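Here's a quick briefing on a protein model, covering confidence, helix packing and a couple of residues worth a look. Have the viewer open as you read.

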Amino acid sequence: MAVNEMVPLIFAGVNGFLDGVPVAKILTWEADFLAHLKTNEADLLATIDKEGALSKDLEARLREVIQTFTKSFLG
């Protein structure tokens, strides 16, 4: 797994975005979220790769993407 793919996953976990996801569904969330990022947020992954750090703007965008996806995932 590439670093630019690990960053959003780790960010989601350490910032409490996965607290509402049942433990039994975490691996499914991870796989689905990575697929979502690659399909719908490729520019976000490219920016993380290019910048190598999370700026305030990039962090805010990442928070929004994670919150929206997780809300949809939990239905």
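Predicted model: local features only at pLDDT ≥ 70, side-chain atom pairs only at ≥ 80, totals over all residues.

Residues are numbered from 1 along each chain as its sequence is written, and side-chain values use heavy atoms, with hydrogens and water left out.

**Confidence by helix**
- Confidence is lowest in α3, at a mean of 95, and highest in α2, at 98.
- Helices here are DSSP runs (H or I, at least four residues), numbered from the N terminus.

**α2 against α3**
- Helix α2 (residues 26-40) and helix α3 (residues 42-51) pack at about 95°, with axes 5 Å apart; axes are lines fitted to C-alpha atoms over the stretch in contact, and angles run from 0 to 180 degrees between N-to-C directions.
- That makes α2 roughly perpendicular to α3 (65 to 115 degrees).
- On the α2 side, Leu37, Lys38 and Asn40 meet Ala42, Leu44 and Leu45 of α3, where contact means heavy atoms within 4.5 Å.
- By class, this contact of α2 with α3 has four nonpolar, one polar and one charged residues (Ala, Val, Leu, Ile, Met, Phe, Trp, Tyr, Cys and Pro are nonpolar; Asp, Glu, Lys and Arg charged; the others, Gly among them, polar).

**α1 against α2**
- Helix α1 (residues 3-14) packs on α2 at an angle of about 130°, and their axes are 11 Å apart.
- α1 and α2 are therefore oblique to each other (the class left once under 35 is roughly parallel, over 145 roughly antiparallel and 65 to 115 roughly perpendicular).
- Glu5, Pro8, Leu9 and Ala12 of α1 make the contact with Trp29, Glu30, Phe33, Leu34, Leu37 and Lys38 of α2.
- Sorted by class, the contact of α1 with α2 has seven nonpolar, no polar and three charged residues.

- Aspartate 32 sits in helix α2, and at 35% relative accessibility it counts as partly exposed (between buried, under 20% relative accessible area, and exposed, over 50%, with a 1.4 Å probe and protein chains only).
- Leaving out residues up to four places away in sequence, aspartate 32 touches Phe69 and Phe73.
- Glutamate 51 belongs to helix α3 and, at 44% relative accessibility, is partly exposed.
- Glutamate 51 and asparagine 4 are 47 residues apart along the chain, with their C-alpha atoms separated by 10.0 Å.

Key: Helix = DSSP H or I, 4+ residues; strand = E, 2+ residues; numbered from the N terminus. pLDDT = per-residue confidence, 0-100.
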